[in-house]
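Open the structure in your viewer and keep the selection tool at hand. The stops below say what to pick and what is there.

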Amino acid sequence: MFKRHNYALGLAWLGILFLVPLPFVQTVDAGLPAIYNDERQAVLFGVITYVWMLTAIYLSTRPRWLDRLIGLPEMYLIHGLLSIAALGLAYLHKTSTQSQGWIERTGDWAFNLFLAVMLYSLLFLAGWLTSRVPPLAQLKTWLEKIFKHEFNVWVHRLNLVATLLIFIHVLLISYIRAITPFLALFLAASLGVAASYAWAKLGPRAAGRLLANRPLTPGVQELTIRLPRTQQPALHAGDFIFLSFPTLPGLREPHPFSIVNDPANDRTVIRLAIRGDGDFTRQLASVAPPQPVVLQGGYGRYQAFLREQQPAHVVMIAGGTGVVPLLSVTAAQPQQPTTFFYSARTAAGLLYPELFQAWQKRPAFTVFRQVGRFSDDLVVQQLPANTAQTAVLIGGPAALARHWIKVLTQHGIPRGQIYYEAFTW
């Protein structure tokens with residue numbers, strides 16, 4: 001049963017919350033002069049705060065090795081919750097210690113900046129929160145008309161300034177500088193994360209060219225991108241990439257989009273189907289080929305999940321453009337017994353009907369396509385008898401995923417056999 005659960009996610013939480021801060025806490029605790037015993041706990045809170053902030057910055061670089069283990073949505077969730085926890089510890093540190101001069105100023109500036117960015121980011125960048133609180137989602141939609149995504153990303157990067165202020169704050173404290181083992185760890189970790197961040201932002205990218213850009217349905221564009229054979233990203237079926245147009249204002253910040261095609265068939269061509277929801281995606285309709293593009297990726301765990309599960313049968317449930325990564329997965333597995341449920345709000349929203357018509361010729365492929373949501377009874381009735389050997393992939397809005405996860409777990413499919421990749425950032 002080990003394969004039924006993502007134990008890597010639990011280990012990631014354990015490592016980030018406890019194991020990573022441990023050597024920093026131990027070295028400070030062992031070297032702190034007795035005169036500061038009254039503030040010992042608050043000092044340790046400050047140490048953990050800084051380590052967690054460094055970890056959050058590292059997670060923001062989207063390390064691909066960790067994505068393949070736990071998934072980028074989970075990484076972003078950890079990033080957000082870790083930042084909130086760090087802010088709470090920073091408050092306890094701030095209110096339980098005494099300092100003066102530049103030590104006090106840098107600490108206060110960092111805390112106030114971190115707090116402001118956190119409140120702003122919770123609305124604009126924490127999709128895991130706004131997707132669960134409808135009033136916040138409505139407020140976010142309204143404010144996005146004023147505050148564009150690129151501006152929001154740059155505001156979020158002020159966390160780097162806050163972290164730099166804490167770095168200076170620590171170096172100004174003489175009794176902390178005197179703890180040599182801690183100082184060595186502190187400098188090594190700070191420089192290591194700074195180097196990782198610089199590499200993630202300035203390192204090599206896959207540079208391609210937009211070959212075609214056509215309306216697939218009203219509000220959905222299909223982009224076809226050509227990559228040189230010498231710059232092909234490591235892509236699996238079901239993956240997503242981060243796309244940007246370096247020469248076009250408003251389109252220079254990378255955005256995530258799932259690939260439609262199976263990259264194993266031709267690694268020089270990537271197809272994307274993108275709905276125009278935000279300021280970035282709405283501009284895509286006006287981008288004329290040929291146009292240089294930059295790609296980062298691939299990311300995603302759909303294929304890794306199936307390799308871990310080794311299911312006898314796969315059930316796929318998709319809504320709207322959430323079908324895109326599942327199309328890629330289906331194309332890559334012609335022999336896999338599959339039951340596919342695909343719904344959209346309108347008939348025009350049911351993408352790529354020709355693919356489903358072709359796949360229906362497969363001996364073990366069944367598809368249900370309709371306008372409007374499926375009834376719970378229909379989906380439950382079509383589940384394989386052997387649920388222990390069934391894996392479920394879900395693509396679509398977060399509300400759709402939460403609903404079907406609840407229904408399926410109530411009808412005998414363990415949560416560990418269901419995978420959903422949320423695009424809520």
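What follows is a walk through a predicted model, stop by stop.

**Stop 1: helix packing**

Two packed helices are described by the angle between their axes and the distance between the axes. Select α3 and helix α10, the latter covering residues 158-171. Their axes are 11 Å apart, and the packing angle is about 145°. The crossing of α3 and α10 is left-handed. To see the contact itself, show side chains on both helices: α3 contributes Y50, M53, L54 and I57, while α10 contributes L160, A162, T163, I166 and F167.

Stay on α3 and pick T49, which is found in that helix. T49 is buried, at a relative accessible area of 3%. Which residues does T49 touch once its neighbours within four places in sequence are left aside? They are A86, L89 and A90.

Now colour F24, Y50, F167, F182 and F186, which form one aromatic cluster. Two of these names have already come up at the helix contact: Y50 on the α3 side and F167 on the α10 side.

**Stop 2**

Select D29 and R40. The two form a salt bridge, with the closest N and O atoms 3.0 Å apart. D29 belongs to helix α2 (residues 22-31) and R40 to helix α3 (residues 40-60), so the bridge ties together parts that are 11 residues apart in sequence. D29 is partly exposed, with a relative accessible area of 35%.

**Stop 3: aromatic pairs**

A search of the whole structure finds 20 aromatic pairs. Among them is the pair of Y91 and F111, which is tilted: the ring centres lie 6.4 Å apart and the planes make an angle of 40°. Y91 sits in helix α5 (residues 72-96) and F111 in helix α6 (residues 101-124), so this pair ties together parts 20 residues apart in sequence. Are the two partners buried or exposed? Y91 counts as partly exposed, at 47% relative accessibility, and F111 counts as buried, at 13%.

Next, select F305 and Y419. This pair is stacked, at 5.4 Å centre to centre and 25° between the planes. The pair links distant parts of the chain, 114 residues apart: F305 is in helix α14 (residues 302-309) and Y419 in strand β11 (residues 418-420). F305 is buried, with a relative accessible area of 5%. Y419 also counts as buried, at 10% relative accessibility.

**Stop 4: charges over rings**

The charged end of R301 sits over the ring of Y419, 6.0 Å from the ring centre. For another case, move to W102 and R105: here R105 lies over the face of W102, at 4.9 Å from the ring centre.

**Stop 5: salt bridges on the strands**

How many salt bridges does the structure hold? There are 9. One has been visited already, between D29 and R40.

Select E222 and R271 for another. Their side chains meet at 3.2 Å, N to O. This pair links distant parts of the chain: E222 in strand β2 (residues 220-226) and R271 in strand β5 (residues 269-275), 49 residues apart. E222 is buried, with a relative accessible area of 5%, whereas R271 counts as partly exposed, at 25% relative accessibility.

From here, select R275 and D277. Their side chains meet in a salt bridge, at 2.8 Å from N to O. R275 counts as partly exposed, at 40% relative accessibility, and D277 is partly exposed too, with a relative accessible area of 47%.

**Stop 6: a proline in a loop**

Finish at P233, placed in the loop between β2 and β3 (240-244). Is P233 buried or exposed? At 12% relative accessibility, P233 counts as buried. With neighbours within four places in sequence left aside, P233 is in contact with A206, L227, G297 and G298.

Conventions
Residues numbered from 1 in each chain as written. Predicted model: local features only at pLDDT ≥ 70, side-chain atom pairs only at ≥ 80, totals over all residues. Heavy atoms only, no water. Phe/Tyr/Trp six-rings, centres within 6.5 Å; stacked < 30°, edge-to-face > 60°. Helix = DSSP H or I, 4+ residues; strand = E, 2+ residues; numbered from the N terminus. Buried < 20%, exposed > 50% of the residue type's maximum accessible area, 1.4 Å probe, protein only. Lys NZ or Arg CZ within 6 Å of the ring centre and 35° of its normal. Salt bridge = Lys/Arg side-chain N within 4 Å of Asp/Glu carboxyl O. Axes fitted to C-alpha atoms, helices over the stretch in contact; angles between N-to-C directions. Left-handed = near helix turned anticlockwise from the far one by under 90°. Contact = heavy atoms within 4.5 Å.
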